[in-house]
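Here's a quick tour of a structure for you to follow along with. Keep the 3D view open and click on each piece as it comes up.

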Amino acid sequence: MGRVFEWQLVESEDWFDKIVELHSGGFTYFDFLTGVDRENGHGDPGFEVVAHLAKPDLSDSLIIFTRVNSELASVTDLIPAASWHERECAEMFGIEFTGVATKPLLRHEDLGQPPLCKSTVLAARVLTPWPGGAELEIMEDGRKVGNASRRRQRPPGVPENWFSA
Amino acid sequence: MKHSFIALIEDKCTSCMLCVRECPAWCIHLDSHTVDVSEEGARRPKKVNVLDSFEIDYSLCMYCGVCIDVCPFDALAWDEHRALVTTNRDDMLLGIDELGPSGSS
């Protein structure tokens, strides 16, 4: 508990070499690799890929991260166990890991956009009635009060044209 | 304070719907109506919201506390009650009577 992790930014083209370097330097425990969608509506800078490597006795560890647009070199040749994480990252964020044949992990290929991208709209958000859409300013006798022309409320995370019906 | 339950302090709720709209799990349902309240000396009657029903679906709630944060009237609060463990999903839909803070009922 209370452990402070060291973070290091790596250029995406140096990603593979950096992991080779760490691996040969004793960081042979590949803890995890995952993606982060930094989209935030600003466009740039796309995704980050984060990986945590440690020495097997946990005496030293390092979290490296890099900015990627859509693809990154796979480290599966060096660390076979990275395959699971890369495949997960590929299907959840749509990041392509080059240098290996990435098979889908859990999702069916036809299931549409990667679900952890911020740009992906959850279908359940459209199919489920939003409790916040209720019109409340109704008098006991059924009269409506308040500003009737007020713009219709829309639930967060659902694009405007999804609610045309 | 344990974060095991979100309690409703009914008297403070103005049916403003902020919690319902901000809830990321869409687990709060609220219904209300408006009544005219005449006050002495006032030119026109005041419109006041009356809370009819308030439900939290604890089968969906993820205890994020956003509703508590956004409530401008502190009508929602963490509580040490616990939503019952049950095999029936309907039992996890708690209304005004079950949502009172501990010690109130």
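Which residue in E4(A) does A:His52 stand opposite? The residue facing A:His52 is A:Ile63 in E4(A). Bear in mind throughout that this is a predicted model. The predictor scores the complex with an ipTM of 0.71 and a pTM of 0.64.

**Chain A: the overall layout**

- Chain A contains three helices and six strands.
- Chain A has 165 residues, and 17% of them count as buried.
- Take the contacts in chain A with a separation of 6 or more: residues 24 or more positions apart account for 51% of them.

**Chain A: the sheet**

- Four strands of chain A form an open sheet in the order E1-E4-E3-E2, and the pairing is mixed.
- Strand E1 (7-9) and strand E2 (29-37) of chain A sit at the edges with a single partner strand each, so one side of each has no neighbour in the sheet.
- On average, neighbouring strands in this sheet are turned by 20° against each other, ignoring direction.
- Strand E3 (residues 47-54) and strand E4 (residues 61-68) of chain A run antiparallel, and eight bridges join them.
- Helix H2 (residues 82-93) of chain A packs on this sheet, where it touches E2 and E3 of chain A. The direction of H2(A) makes about 5° with that of E2(A).

**Chain A: a closer look at helix H2**

- H2(A) is 12 residues long and spans 16 Å from its first C-alpha to its last, close to the 16 Å expected at 1.5 Å a residue.
- Which residues of H2(A) are buried? They are A:Ala82, A:His85, A:Glu86, A:Cys89, A:Ala90, A:Glu91 and A:Phe93.
- Here's some background for reading that list: an α-helix has 3.6 residues a turn, so residues three or four places apart point the same way.
- What do the buried residues of H2(A) pack against? Their partners are E2, E3 and strand E6 (96-98) of chain A.
- Just after H2(A) comes A:Gly94, with a positive phi of about 75°.

**Chain B: the overall layout**

- Chain B has two helices and five strands, and from the N terminus on they run β-α-β-β-α-β-β.
- Of the 105 residues in chain B, 24% are buried.
- For chain B contacts with a separation of 6 or more, 71% involve residues 24 or more positions apart.
- How confident is the predictor here? The mean pLDDT of chain B is 89, with 98% of its residues at 70 or more.
- Within chain B, confidence is highest in helix H2 (residues 66-70), at a mean of 96, and lowest in E2(B), at 89.

- Strand E1 (residues 5-8) of chain B is covered on both faces. B:Phe5 and B:Ala7 are buried on one side, and B:Ile6 and B:Leu8 are buried on the other.
- E1(B) runs antiparallel to strand E4 (residues 76-79) of chain B, and four bridges join the two. In E4(B), B:Trp78 is the bridge partner of B:Ile6.
- Chain B also has an open sheet of three strands, in the order E2-E3-E5 with antiparallel pairing. Its edge strands are E2 (28-37) and E5 (93-94) of chain B, each pairing on one side only.
- Strand E3 (residues 46-57) of chain B pairs with E5(B) over two bridges, in the antiparallel sense. B:Asp57 stands opposite B:Leu93 in E5(B).

**Chain B: one loop residue to look up**

- B:Phe73 lies in the loop between H2 and E4 of chain B.
- Is B:Phe73 buried or exposed? B:Phe73 counts as exposed because it has 12 C-beta neighbours inside 10 Å, and a residue is exposed if that number is 12 or fewer.
- B:Phe73 and B:Cys13 are 60 residues apart along the chain, yet their C-alpha atoms are separated by 6.8 Å.
- Setting aside neighbours within four places in sequence, B:Phe73 is in contact with B:Lys12, B:Cys13 and B:Thr14.

Note on methods:
Residues are numbered from 1 along each chain as its sequence is written. Chains are lettered from A and ligands numbered from 1 in the order in which they are written. This is a predicted model: local features need pLDDT of at least 70, side-chain atom pairs count only at pLDDT 80 or more; totals for chains, interfaces and linings use all residues. A residue is buried if 20 or more other C-beta atoms lie within 10 Å of its own, exposed if 12 or fewer, and partly exposed in between; C-beta atoms are placed from the backbone. Two strands pair if DSSP finds at least two bridges between them. Two residues are in contact if their C-beta atoms, placed from the backbone, lie within 7 Å. pLDDT is the predictor's confidence in each residue, from 0 to 100. Axes are lines fitted to C-alpha atoms, for helices over the stretch in contact, and angles run from 0 to 180 degrees between N-to-C directions. The expected span of a helix is 1.5 Å times one less than its number of residues.
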